[in-house]
Amino acid sequence: PSFRAAVYSWSFEKSESLMETDGTTGKDACIVDQKGNIDEPPPLFVSEFAGSGEVCGQLQLIFTLLEYSCRRYVDPSSIVSSLGLDKDVQQDAQEFSKLFMTLLEERLSLKFKNENVIQEHFGGEYSYVTTCSVCHNESARTSQFYELDLRIQNKSVLTECVEDFLDVEKLEGDDRYYCSYCFCKQNASRRIVLESLPPILNIQLLRFVFDRVTLRKKKLTSYLQFPEELDMNPYVAGDASSSRVYDLTAVL
């Protein structure tokens, strides 16, 4: 709800460029209140430029139609056009997510000068922790993320994918790690430690893998079971005072 409210509060700035519109604005939408009365979208939720070529305006319109409209479905063609995507070409969901998040972060930053709305709602943090097998010194490199990229090959349930993501990787042979304490390359182990998780957790399933036989990427069509409720508490380091239980909201 807070992210939706942030999108609703966006308004078009004169300094922003406006692409061509298909003529559909938020005020053209059919809205139904709790009593079943049809009305126009309230100005509080839909800006003057909702439905324009601007991506935030398009997202405003889609959120409004989903929440208040009497329509049985919402056509996303306008927001696809505003993103400059070719509808006739199959797009990778992971690439689309990164593109969409980047654009939203850029546009919403114009509205919220002192806060990063996307990072507050979708941003988490993990560390790459490398341990030298000789001196046992640990080095950590922290990184922020907007989605967790999980491998699904030979996995049947989502929790197995999470555990695989956090599993220890051996660095040996040509992959040995240069230890700053030993001053030479040593065998080592590396793991990912989840430091913090966002309010909205975006999980990307890596269905494309490299086929060593054909030397091409292939898509995995194996079945993967995921729960309607995902408890991430066992996988996060540090204080467990805050709940990290997520309800399944959408599947793409």
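This tour moves through the structure selection by selection and states what is found at each stop.

**Ground rules**

The structure is a predicted model in which local features need pLDDT of at least 70, side-chain atom pairs count only at pLDDT 80 or more, and totals for chains, interfaces and linings use all residues. Residues are numbered from 1 along each chain as its sequence is written, and side-chain values use heavy atoms, with hydrogens and water left out.

**The whole chain**

Begin with the protein chain in a cartoon view, which contains six helices and 14 strands. Of the 252 residues, 37% count as buried; buried means under 20% relative accessible area, exposed over 50%, and partly exposed in between, with a 1.4 Å probe and protein chains only.

The chain exposes about 16,200 Å², of which carbon and sulfur atoms supply 49%. Such areas come from the Shrake-Rupley method with a 1.4 Å probe, and for residues only the protein chains shown count as cover. In contacts (heavy atoms within 4.5 Å) between residues at least 6 apart in sequence, 59% join residues at least 24 apart.

**Stop 1: a nonpolar patch**

Select Phe226, Leu248 and Val251, which make a nonpolar surface patch of about 270 Å². Patches consist of residues with over 30% relative accessible area and no salt bridge; like charges are joined within 9 Å, and nonpolar side chains (Val, Leu, Ile, Met, Phe, Trp, Tyr) within 5 Å. Leu248 belongs to the segment after strand 14 (245-247). With a relative accessibility of 42%, Leu248 counts as partly exposed.

**Stop 2: aromatic pairs**

Six aromatic pairs are found in the whole structure. Select Phe96 and Phe100, a stacked pair at 5.6 Å centre to centre with 10° between the planes. Rings of Phe, Tyr and Trp (its six-membered ring) pair if their centres lie within 6.5 Å; planes under 30 degrees apart count as stacked, over 60 as edge-to-face and the rest as tilted. About one helical turn separates Phe96 from Phe100, because they are four residues apart in helix 4 (residues 93-111). Phe96 is partly exposed at 29% relative accessibility, whereas Phe100 is buried at 15%.

Move on to Tyr126 and Tyr128, whose rings form an edge-to-face pair, 5.5 Å centre to centre and 85° between the planes. Tyr126 is buried at 11% relative accessibility, and Tyr128 is partly exposed at 25%.

**Stop 3: the cysteines**

A disulfide is a covalent bond between the sulfur atoms of two cysteines. The criterion used here is a pair of cysteine sulfur atoms within 2.5 Å, and zero disulfides are found in the whole structure. Select Cys135, which is in no disulfide; its nearest cysteine sulfur, that of Cys179, is 3.5 Å away. Now display Cys182: its sulfur is 3.7 Å from the closest cysteine sulfur, in Cys179, and this is too far for a bond. Cys135 is partly exposed, at 34% relative accessible area, and Cys182 is also partly exposed, at 23%.

**Stop 4: salt bridges**

Side chains of opposite charge can pair when their charged atoms come close. The rule for a salt bridge is a side-chain nitrogen of Lys or Arg within 4 Å of a carboxyl oxygen of Asp or Glu, and the count comes to seven.

Select Glu147 and Lys98, which meet in a salt bridge at 2.7 Å, N to O. This pair links distant parts of the chain, 49 residues apart: Glu147 is in the loop between strand 4 (138-145) and strand 5 (148-151), and Lys98 is in helix 4. Glu147 is buried at 9% relative accessible area, while Lys98 is partly exposed at 38%.

Next, select Arg191 and Glu138, a salt bridge with its closest N and O atoms 3.8 Å apart. Arg191 lies in strand 9 (residues 188-196) and Glu138 in strand 4, so the bridge ties together parts that are 53 residues apart in sequence. Both residues are partly exposed, Arg191 at 30% and Glu138 at 48%.

Finish with Asp164 and Lys155, whose closest N and O atoms are 3.9 Å apart in a salt bridge. Asp164 and Lys155 are both buried. Include Arg151 as well: salt bridges that share partners join Arg151, Lys155 and Asp164 into one network.

Methods: Helices (H or I, at least four residues) and strands (E, at least two) are DSSP runs, numbered from the N terminus.
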